[in-house]
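Take a moment with the sequence and the fold. Then follow the paragraphs below, one region at a time.

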Amino acid sequence: MESAKARDRMNSVIIHAILIIFAVIMIVPFAWMILTALKTNQEAISVDPFYIFPQSGWHWSNFATVWRSYNFLTLYKNTLLMIFFRVVCACLTATMAGYALGRLNFPGKKVAHMLVLVQMMVPSQIFIIPQYLMVSKLGMLNTTFGLVFPGMVTAFGTYLLETGYRGLPKDLEEAAAIDGCNVGQRFLKIMMPLTRSSMVSLGIFTAVFAFKDLMWPMIVCSNATTTTLSAALAKMQGQYSSDYPAMMAAAALAVLPMIVIYIIFQKQFVEGIATSGGKL
């Protein structure tokens, strides 16, 4: 009995030690980013492996310089608006399309399902030129609508919600139909609330993908007042030289919105990832 308890205690210690090691590995890049942001440029490009902490003082002025040089409040606003509208549009269109493909029978259903799968398998970069031409013809370049446009409809979200609707028992819809509910009422009052976890998962993935999106904002928003955080950070890279402390300070400021969003919606993040079985 004692040996079993000792073995369980040892296994627990080993598991916790491994988890701590991986946690430290995950934290190291963020710690290095902050430490680099507090150095001078000469210290940042030093090849001395033991030159980890700033040697000439903690240069908090790098953050103030970057904040003054780049209008971060505008960048925050543009990025958060893009994330918000992409999440709303993706969840709205995907849940309706997923319900239609997963629960309804209509002509062309197999073709529509095949098109969704084909779009998932094709690289998204292929659609950039036609999407840009559409936004340009609409006169929506350098606007929030232009940033949101590619994420208004999502094949991944449609497939995710279709899978969620297919997993629900048919008895629920049959009972609602007997009670006199039409298709819209069955969708809004019975089926859609039951796929809340799938919609939360889709919202999480959409928000993360929108925050990391780099190519589309750089193409559709050339104006500094309408671009996003990722595109603004990419433009800080110089052709012949770069101010690495300023870049790291800007990167640290750029991750603040996602950290705040995660802290606020931490419970929903964990539930969404756990129920979807996916990873970011």
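Which helix does C89 lie in? C89 lies in helix 4. Helices here are DSSP runs of H or I with at least four residues, numbered from the N terminus. This is a predicted model, where local features need pLDDT of at least 70 and side-chain atom pairs count only at pLDDT 80 or more, while totals for chains, interfaces and linings use all residues. Residues are numbered from 1 along each chain as its sequence is written, and side-chain values use heavy atoms, with hydrogens and water left out.

Stay with C89. Leaving aside residues up to four places away in sequence, C89 touches V148, G151 and M152. Touching, or contact, means heavy atoms within 4.5 Å. A64 is 25 residues from C89 along the chain, and their C-alpha atoms are separated by 36 Å.

Now look at the core. The largest nonpolar core has 45 residues. Such a core is a set of buried Ala, Val, Leu, Ile, Met, Phe, Trp, Tyr and Cys residues joined through side-chain atoms within 4.5 Å. Buried means under 20% relative accessible area, exposed means over 50%, and partly exposed is in between (1.4 Å probe, protein chains only). F63, V66, F72, I83, Y165 and L229 have the most contacts inside this core. Its largest share, 9 residues, comes from helix 4, residues 72-103.

Among the buried residues of helix 8 are A155, L160 and Y165. The cover over the buried residues of helix 8 includes helix 4, helix 5, helix 10 and helix 11. Y165 itself touches T95, G98, Y99, R103, F187, M191, M192 and T195, not counting residues up to four places away in sequence.

Next comes the largest pocket. A pocket is an open set of points on a 1 Å grid over the protein atoms alone, where a 1.4 Å probe fits, with protein on both sides within 12 Å along at least five of seven lines; lining residues have an atom within 4 Å of a point. The lining of the largest pocket has 28 residues, and S124, Q131, P150, G151 and V153 lie nearest its centre. Helix 11 gives the most to this lining, with 5 residues.

Finish at a loop. N142 is found between helix 6 and helix 7. Most residues other than glycine have a negative phi. Phi of N142 is near 60°, a positive value. N142 is partly exposed, with a relative accessible area of 25%.

Terms used:
Helix = DSSP H or I, 4+ residues; strand = E, 2+ residues; numbered from the N terminus.
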